[in-house]
Amino acid sequence: MTADAGAAPVAVAIRIRRPVAALSARLLRRGSVLAPALVAAYMVVEVYSYQRNYPDAASRQRLAEVSDTAALRILQGVPHAVQTTGGFVVWDGGWVIGLSLGVWALLATARLLRGEEDTGRAELLLAGPVPARGALITELLVLAGSFALTGAAVAVALGASGAGWSSSILYGLGLAALTAAVAGLAAVAAQVMPSRRRAVGAAATALGLLFLLRTAANSSARVGWLRWLTPYGWIDELRAFGADRWLVLLPLLAAPVLLAAGAVALRDRRDAGAGLVGGSDRHVGHGWLLGNPAAFAWRTTQPVLLGWAAAVAVYSAVLGVLVKTVVDFIAGDPTYGRILTDFGVDLTDLTRGVVALLGGTMGVVFALYGCWRIGAVRDEEAAGRAEHLLARTVTRAGWLGWHALLTATATALLSVLAGVAMWTGAAVTGADLGLTDAVGSMLAPLPAAVLFTGLAVLCFGAIPRLTVTLSVGLAVASYLLELLGTPLGLPAAVLNLSAFHHLSSVPVEPFGLLPTVALGGLGLLAAAAGVAAFRRRDLTGS
Amino acid sequence: MSGEAIRTEGLTKRFGEVLAVDGLDLSVQPGEIFGFLGPNGAGKTTTIRLLLHLLRPTAGRTWLMGVPAEDVEAAHRHVGYVPGEVALWPQLTGREVLTVLGNLSGRVDAAFLAELLDRFRLDPDVRTRSYSKGNRQKVALIAAFMARPDVLLLDEPTAGLDPLMEAEFQTVAREAAGRGQTVFLSSHLLDEVEDLCHRVAILRSGRLVEVCALEDLRPLDASVVEVSADGPLPALDRVAGVTAVEPVGDGLRISLTGSPGPLLARLAGAPITRLRSRQPSLEEIFLTYYEDAAGSPELAGEVAQRRVGRS
């Protein structure tokens, strides 16, 4: 205290907050390096594929015409400057980047602001001289720094690719602000909800609604005003590389600031480790699914599965609604048909071709579900909860085996659900799509999901700390290779490395026995090896 | 081997460069309450996790009730376990956790469960996320005791319990031993060990330095002599029977084995104002064992060797 007497109050405040900032930066380190690197790499790939596929003014003019149609507006957004490199990248890849960064920011924010409290680690920090509110402000500033870094990476990647520096900076700023706004939602949810899990659930629901609002706004000019209700609409309205409307940055920058201020204001109204809602944990449990290891594995996975089921059903239904629009559009435009042929779509059977393509895109979603569920099994071990079971009559092989089997079953259920939801959406709009075709298209990528789930089990057995990182990384890399490999003209030997490249395009092609047996068999082998490795290693903490 | 509740032969565990447990030979009889002591990092938790086969031994073997530890399905039918760090499923209530753990132990005695809930004063209809450390500990204790297993492996079982509950734990543990169940517990609480345990093992840097009955730990011929003086005292460390000398206040505290004759002969003529002799406390005995890592290895090692020689 005496040493502080002469120092300016601000200097003291900064000094006592520095450890909080350092710890937050340390906890966010991996994502803060990976996110900018991946986003910048994606931008460069987009630039390259644009310059390769649309080399001259004529092809760019054609693209400008076909991109501004109802179906593509709904899927990708309203094009503003697709005849320029930057404008194309923003239109073609912007929504993927914005959504991915949003999910990352949401999870990272909830983990830093709430997960640390749930584990009790935050109390070590809060017992120090920094007030809870001051700690929260510091953590929010560190998060903001991480998002600024990501925005800078985007601006530099685009600017250096020759897209125009001023517009690149505008778009980088917009993307950083959009990411920060989603993080702001998570920060508020982290104050309101009683646990990290529920904060993630609430913020993810909000994120989904905000993105759907943008999709709805893009469906027709009549409801275009909806775009002004969501940050995902604001970033479209920046019209980067077109009109460059710098003023629209105002709501984008204001949203995270206001949300962060709200979170800080709410922080003083709650206790550490508690939320503003859900005070009482007194509760007579229903006592279901506690009888044996398999039932209990199902019990611990069920709430998450229900969340995924809801999201998959809504998304697949939206895809179903779009089928007819897309088909009508392609039928009326030979140019876009050629682009689709590039992706391997058979133009003679358009509805089923489009459905086959959509089923393929869901494959990565099912694979990620599998990897993350095995990651949750790893969390059970790392937290020490698995010990209670494995110190009783549950064997290692039984415990891990049941979790792997239930994950595979849940993945199959999710794909059937996706097929039924897509069929329902298509039926509502009067598309000519059979239920078996719809379900078949969603079941087709299952072998790939089994493969990546099996690889996750192998990671869990052999290198448990990398269970999620490695398996999710492989699944995403494999999917991107298949997605971008053909347009980039990569050789067949490289394309064959992607598991998704070997899937049958159901319902255009019949369900292929060979890829199913090969991919599924590899997955089963990897899972068996993972179980064997798990039986031979020590249980380890985090 | 038959008839022993816990047996290890040359049990060894190496984590990379670190030898956590080094050639452990243990034998615990049914109905025994066995205390497992040692400073932090001595390898107590590692040993318990090796007994459960949660860790795989680098060398050596282990049996629980005659069943090899690696046959977990058969061995664990005999076991109840309280881990050193109790983590529970936050979304489940205490009762749900006890239900699933009871089902997985294979034996559920509803009446005994109700009795234990009552005796440990645990409200089971609360999600475990809102339990205090003490309440989580109670859940783990009840889960371990309610199945009446043959062997209870308890890693610091009273951590976080209040003194009343600590006493209740001791009663429950004694009742279990009375029924022929074996209680193997690691602890830092010497009072608890003194009250409860029939035998103790002392572990230091992964090696056993002592296994003996509690009364043998405090040998009858050991004593502590405290002398106060108002002048200089002669050097005492070479006197026969003296094992340790440390300055306290205006005098010395001398640890002594056997006859005090040579010590008194050396002190004759010194300006002594007060002389007091007493039995060493359990704490003083343990400190002799524990201090090795920090301070005088030769002396502690000597003492340890002498004690092992006695048992």
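Select residues 94-105 of chain B to begin: they form helix α3, whose 12 residues reach 16 Å from the first C-alpha to the last, close to the 16 Å expected at 1.5 Å a residue. Helices, here and below, are DSSP runs of H or I with at least four residues, strands are runs of E with at least two, and both are numbered from the N terminus; the expected span of a helix is 1.5 Å times one less than its number of residues. This is a predicted model, in which local features need pLDDT of at least 70 and side-chain atom pairs count only at pLDDT 80 or more, while totals for chains, interfaces and linings use all residues. Residues are numbered from 1 along each chain as its sequence is written, and chains are lettered from A and ligands numbered from 1 in the order in which they are written.

**Around α3 of chain B**

Keep α3(B) selected and colour its residues by burial, where a residue is buried if 20 or more other C-beta atoms lie within 10 Å of its own, exposed if 12 or fewer, and partly exposed in between, with C-beta atoms placed from the backbone. Because 11 of its 12 residues are buried, α3(B) is largely enclosed by the rest of the structure; among the buried ones are Arg95(B), Glu96(B), Val100(B) and Leu104(B). What do they pack against? The buried residues of α3(B) pack against α13 and α16 of chain A, together with α4 (110-119) and α5 (133-146) of chain B. Just after the helix, select Gly106(B), which takes a positive phi of about 95°.

**Where the chains meet**

Next, show both sides of the contact between the chains, to which chain A gives 28 residues and chain B gives 31 residues; two residues are in contact if their C-beta atoms, placed from the backbone, lie within 7 Å. On the side of chain A that touches chain B, the elements giving two or more residues are α13 (293-331) and α16 (386-390) of chain A, and the largest share, four residues, comes from α16(A). Sorted by class, that side has 10 nonpolar, 11 polar and seven charged residues, where Ala, Val, Leu, Ile, Met, Phe, Trp, Tyr, Cys and Pro count as nonpolar, Asp, Glu, Lys and Arg as charged, and the others, Gly among them, as polar.

**The strands of chain B**

Move to strand β1 (residues 6-15) of chain B, which is joined by five bridges to the antiparallel strand β4 (residues 59-64) of chain B, and by seven bridges to β2 (residues 18-28) of chain B, again antiparallel; two strands pair if DSSP finds at least two bridges between them. Ile6(B) has Leu64(B) as its bridge partner in β4(B), and Lys13(B) stands opposite Val21(B) in β2(B). In the hairpin of β1(B) and β2(B), which has two residues between the strands, Gly16(B) takes a positive phi near 60°.

**The nonpolar cores**

In soluble globular proteins, nonpolar side chains tend to be buried together. A nonpolar core is here a set of buried Ala, Val, Leu, Ile, Met, Phe, Trp, Tyr and Cys residues joined through C-beta atoms within 7 Å. The largest one has 153 residues, and Val457(A), Ile142(B), Leu153(B), Val183(B) and Phe184(B) have the most contacts inside it; its largest share, 15 residues, comes from helix α15 (residues 350-383) of chain A. Select Phe184(B) and, leaving aside neighbours within four places in sequence, find its contacts, which include Ile6(B), Val28(B), Phe34(B) and Leu153(B). Apart from this core lies another, of 75 residues, among them Leu28(A), Met43(A), Ala153(A) and Ala255(A).

**Two stops in chain A**

Ala255(A) is also one of the buried residues of α12(A), which include Leu252(A), Leu259(A) and Arg267(A). The buried residues of α12(A) pack against α8 (132-160), α9 (165-192) and α11 (231-237) of chain A.

Then select Leu106(A), in helix α6 (residues 85-118) of chain A, which counts as buried because it has 23 C-beta neighbours inside 10 Å. Its C-alpha atom is separated by 5.1 Å from that of Ala183(A), 77 residues apart along the chain.

**Zooming out**

Buried residues make up 46% of the 542 residues in chain A and 43% of the 311 residues in chain B.
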